[in-house]
Amino acid sequence: MIGKLEGKIAIVTGGTSGIGLATAKLFASEGATVYITGRRQAELDAAVAQIGNATGVQVDSSKVEQLNAFYERVKAEQGRIDVLFANAGGGSMLPLGEITEAHYYDTFDRNVKGTLFTVQQALPLLAKNASVILTGSTAASTGTPAFSVYAASKAAIRSFARNWILDLKDRNVRVNTLSPGATRTPGLVDLAGPDAAQQQGLLDYLASQIPLGRVGEPEEIAKAALFLASGDSSFVNGSELFADGGQAQV
Ligand SMILES: NC(=O)c1ccc[n+]([C@@H]2O[C@H](COP(=O)([O-])OP(=O)(O)OC[C@H]3O[C@@H](n4cnc5c(N)ncnc54)[C@H](OP(=O)(O)O)[C@@H]3O)[C@@H](O)[C@H]2O)c1
């Protein structure tokens, strides 16, 4: 059977863990040549070993010069990008009253600056009919205690997609936002700290808030990413696709 991404060049930023790793595996299994990025070399090596048909490159998405060097390499090796999944991101929790400049910059640099320059610096390489997938969150559409800076950074992502489809009007490039709800990843469970019982407590609490009665698995978000990456979504542009078990829909 021919894969949905046969012959495609796909980039997954933050591809060493959670949603990014599951998506990189799925894209590779659907025939794509996959590049993953992340800041930690050991995690990149481990992820590449799991994915198989992938190249891991150490890139901090909030550093423009590192993104430029990465895209120079992709240009030399592949000449183009067909799928760009700007997935790298994350956040931590602090309530209003305790928010620091460091917390603000860490969150906005990773999510907003990182996504902006991940896409902008890739523009010369984006092929005709390329699909750009930004990573939002249900947190942008709902309220969560102590999560306002992260939520605001993800609201910016949704806004980027609406505006960039106009800037890219004549490029035949689609831009969509994929917004996961609570998904069982290292990035999510680490919010509860290192204690396993507290991590399970967080997952149980989040599951109780979701109409489907459970948190999502990274592989389920990966399937939504595959839809947006492939020709199956050829007329879907500027949208926000929620994969959240109904969490932000009620
Ligand atoms: N899990 C959820 O419940 C959930 C819900 C909604 C949205 N999301 C979003 O989905 C995306 C993936 O989340 P996840 O839960 O899968 O997180 P995760 O398990 O923590 O994985 C995050 C990945 O991004 C990389 N990364 C983080 N900052 C980076 C940077 N500045 N430059 C390059 N790579 C970076 C990490 O590797 P290094 O640390 O080595 O760089 C890792 O590969 C994030 O944008 C997150 O906000 C997650």
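This is a predicted model: local features need pLDDT of at least 70, side-chain atom pairs count only at pLDDT 80 or more; totals for chains, interfaces and linings use all residues.
The ligand sits in the largest pocket. The elements that each give two or more residues to the shell around the ligand are helix 1 (18–29), helix 5 (148–167) and helix 6 (186–189). Helix 6 gives the largest share of that shell, three residues. In total, 30 residues surround the ligand. The closest of them are Thr-16, Ser-17, Arg-40, Tyr-150 and Thr-185.

Thr-16 places a polar side-chain atom 2.6 Å from an oxygen atom of the ligand. Ser-61 uses its backbone instead: a polar backbone atom of Ser-61 is 2.8 Å from a nitrogen atom of the ligand. Asn-87 also takes part through its backbone, with a polar atom 2.8 Å from an oxygen atom of the ligand. On its own, the ligand has 890 Å² of accessible area, and the protein covers 93% of this area.

Aromatic rings were examined next. The count comes to six aromatic pairs. In one of these, the ring centres of Tyr-35 and Phe-70 are 6.3 Å apart. Their planes meet at 65°, so the pair is edge-to-face; the cut-off for this class is over 60 degrees. The pair links distant parts of the chain. Tyr-35 belongs to strand 2 (residues 33–38), whereas Phe-70 belongs to helix 3 (residues 64–77). The two residues are 35 positions apart. Tyr-35 is buried, with a relative accessibility of 1%. Phe-70 is buried too, at 2%. Ring pairs also bring in Tyr-71, so that Tyr-35, Phe-70 and Tyr-71 are linked into a cluster.

A further pair is formed by Tyr-104 and Phe-108. Here the ring centres lie 4.7 Å apart. The planes are at 25°, so this pair is stacked; stacking requires planes under 30 degrees apart. Both residues belong to helix 4 (residues 101–120). They are four residues apart, which means a separation of about one helical turn. Tyr-104 is partly exposed, with a relative accessible area of 36%. Phe-108 has a relative accessibility of 19% and counts as buried, because the limit for burial is under 20%.

Most residues other than glycine have a negative phi. Asn-129 is not a glycine, yet its phi is positive, at about 70°. Asn-129 is found in strand 5 (residues 126–135). With a relative accessible area of 54%, Asn-129 is exposed. Asn-172 likewise has a positive phi, of about 55°, without being a glycine. Its setting is the loop between helix 5 and strand 6 (174–180). Asn-172 counts as partly exposed, at 43% relative accessibility.

Three further residues were placed in the fold. The relative accessibility of Thr-23 is 0%, so Thr-23 counts as buried. Thr-23 and Asp-82 are 59 residues apart along the chain, and their C-alpha atoms are separated by 15 Å.

Ser-62 lies in the loop between strand 3 (54–58) and helix 3. Ser-62 is buried, with a relative accessible area of 11%. The side chain of Ser-62 makes a polar contact of 2.8 Å with the side chain of Asp-60.

Thr-55 lies in strand 3. At 23% relative accessibility, Thr-55 counts as partly exposed. Along the chain, Thr-55 and Ala-155 are 100 residues apart. The C-alpha atoms of Thr-55 and Ala-155 are separated by 31 Å.

Terms used
Residues are numbered from 1 along each chain as its sequence is written. Side-chain values use heavy atoms; hydrogens and water are left out. Rings of Phe, Tyr and Trp (its six-membered ring) pair if their centres lie within 6.5 Å; planes under 30 degrees apart count as stacked, over 60 as edge-to-face and the rest as tilted. Buried means under 20% relative accessible area, exposed over 50%, partly exposed in between (1.4 Å probe, protein chains only). A residue is near a molecule or strand if one of its heavy atoms lies within 4 Å of it. A polar contact is a pair of N or O atoms within 3.5 Å; within protein, one must be able to donate a hydrogen and the other to accept it, and residues adjacent in sequence count only if both atoms are side-chain atoms. Accessible areas come from the Shrake-Rupley method with a 1.4 Å probe; for residues, only the protein chains shown count as cover. On a 1 Å grid over the protein atoms alone, a cavity is a set of points where a 1.4 Å probe fits but cannot get out, and a pocket is an open set with protein on both sides within 12 Å along at least five of seven lines; lining residues have an atom within 4 Å of a point. A molecule sits in a cavity or pocket if more than half of its atoms lie within 2 Å of its grid points.
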